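Have the sequence and the coordinates open as you read.

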Amino acid sequence: MPSFRFAAIAAMASSLVFIAVNVASAAAPAATVSIDNFMFTPMTVAVPAGATVIWVNHDDVPHTVRAVDGSFHSQALDTDERYSFTFAKPGVYSYYCSVHPKMVAKVIVK
Amino acid sequence: MSKFDGDDADRRGFLKCMTWAGTGLVWTLAGGVPASIGLEAAAATQRTTPFSFVQISDSHIGFAKPFNPDARVTYREAVAKIARMANKPDFIIHTGDVSQLSKDSQFDDADQIIKESGLTVFHVPGEHDVLDEGNGKAFLDRYGKGTKGAGWYSFNHAGVHFVALINVLNLKAGGMGDLGPEQLAWLKDDLAAYGSSTPVVVFTHIPLWALYPDWGWGTDDAGQALALLRRFGSVTVLNGHIHQVQQKVEGHVSFYTARSTAFPQPSPGAPGQSPGPMAVPADKLRSVLGVREISFVARNHPLPVVDQTLAG
């Protein structure tokens with residue numbers, strides 16, 4: 001019985017931790033990139049591994065977020081639509097808008 | 001005619017092209033840029049042309065902002081204008097951005113409206129038409145029957161060779177419009193069958209000349225396409241994308257960008273502006289939207305290309 005009780009408490013504790021992490025990441029992404037006037041702002045964001053970056057399109061035209069290496073890509077984001085991606089591994093991720101490819105920027109994951 | 005004096009190459013090209021049905025394409029052969037004229041003058045022209053066609057562009061069905069709350073309304077006005085033309089056009093060329101977001105409902109609305117013209121419509125996609133999960137599959141399924149590759153094609157009409165190019169797919173980071181090697185190889189084969197006296201009309205979405213690269217208003221590998229077109233005595237390139245009339249002549253090649261039927265954009269590189277919709281007062285909107293009539297005319301005809309706004 002004692003060992004069963006311990007396991008149950010441990011399970012409860014770990015699920016509490018899990019919920020807490022989820023709430024924290026939803027409430028406060030590591031970085032938000034704003035799309036304004038055909039630019040990603042800021043053009044470079046640095047985040048820790050495991051962090052989520054959110055993009056919000058404030059323009060009157062649709063934009064996309066597409067990794068140069070193909071590792072992530074959004075659907076077309078209409079005005080005020082958003083996209084998020086969680087970066088598991090460290091690295092430098094260059095991305096662009098596939099509709100307006102002059103729009104280039106990057107995420108640095110440490 | 002003084003333009004041709006002292007320029008034998010142009011004169012030869014000119015005379016060669018004149019063999020085409022005894023007429024020519026004034027705007028390319030004259031080596032100059034034709035002036036746009038008002039609607040009243042256009043209506044007064046005689047029906048003396050072998051044929052004409054219309055370019056319509058950037059209808060952006062689904063676009064809805066306060067200064068143009070429903071792009072279907074202005075598109076319908078543009079189509080009605082075409083239906084009223086004194087010279088009935090043989091067909092319509094739509095140079096892309098039919099829709100705002102590549103949605104089926106937007107394509108459905110656009111089709112319903114342009115059907116009111118009663119004319120055949122030839123399409124090329126704009127970047128707004130290839131935003132579906134299939135990167136343009138929805139557009140190709142709808143408009144691309146009988147086309148090659150990712151949707152490019154050509155056809156002949158009354159001795160003129162028309163070529164539809166696609167430059168909105170597989171765009172590369174930091175780049176502009178892109179034709180790609182597969183399409184360029186096809187273009188080479190396609191043009192090989194035609195003598196240099198054949199008038200050629202090329203239509204595509206993004207400009208084929210570097211109109212304003214900082215805003216992506218150009219096509220990275222257009223030089224390769226233009227090299228293939230250079231031997232022709234008369235080449236007319238029609239595109240949309242920048243929502244305003246801009247013209248340029250380079251040798252025998254004339255470039256024309258067209259107005260939108262939905263919203264205007266700023267002039268190239270306008271300070272503090274970006275290449276997106278430019279809000280205008282409601283009473284000015286129709287003066288910056290329009291369609292284009294292109295006539296294949298006798299050589300002294302002064303009005304081969306006529307841009308008409310939706311105002312008046």
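How many residue pairs are in polar contact between chain B and chain A? The count is six, with both residues at pLDDT 80 or more; a polar contact is a pair of N or O atoms within 3.5 Å, where within protein one must be able to donate a hydrogen and the other to accept it, and residues adjacent in sequence count only if both atoms are side-chain atoms. The side of chain B that touches chain A is made up of nine nonpolar, nine polar and five charged residues. Here Ala, Val, Leu, Ile, Met, Phe, Trp, Tyr, Cys and Pro count as nonpolar, Asp, Glu, Lys and Arg as charged, and the others, Gly among them, as polar.

## Ground rules

This is a predicted model, so local features need pLDDT of at least 70 and side-chain atom pairs count only at pLDDT 80 or more, while totals for chains, interfaces and linings use all residues. Residues are numbered from 1 along each chain as its sequence is written, chains are lettered from A and ligands numbered from 1 in the order written, and side-chain values use heavy atoms, leaving out hydrogens and water.

## Where the chains meet

Chain B brings 23 residues to the contact and chain A brings 19 residues (contact means heavy atoms within 4.5 Å). About 1700 Å² is buried between the two chains, and carbon and sulfur atoms give 61% of that; this is the accessible area (1.4 Å probe) that two parts lose on being put together, summed over both.

There is one salt bridge between chain B and chain A, meaning a side-chain nitrogen of Lys or Arg within 4 Å of a carboxyl oxygen of Asp or Glu. Lys65(B) and Asp60(A) form it, at 3.8 Å from N to O.

Over all chains, the whole structure has 13 salt bridges. One of them pairs Arg142(B) with Asp104(B) at 3.8 Å, N to O. This pair links distant parts of the chain, 38 residues apart: Arg142(B) sits in helix 6 (residues 137-143) and Asp104(B) in helix 5 (residues 104-114). Helices here are DSSP runs (H or I, at least four residues), numbered from the N terminus.

Lys137(B) and Asp141(B) also pair up, at 2.8 Å from N to O. Both lie in helix 6 of chain B, four residues apart, about one turn of the helix. Lys172(B) bridges to Asp178(B), with the closest N and O atoms 3.4 Å apart. Salt bridges that share partners also join Asp104(B), Asp108(B), Asp111(B) and Arg142(B) into one network.

How values were computed: Helix = DSSP H or I, 4+ residues; strand = E, 2+ residues; numbered from the N terminus.
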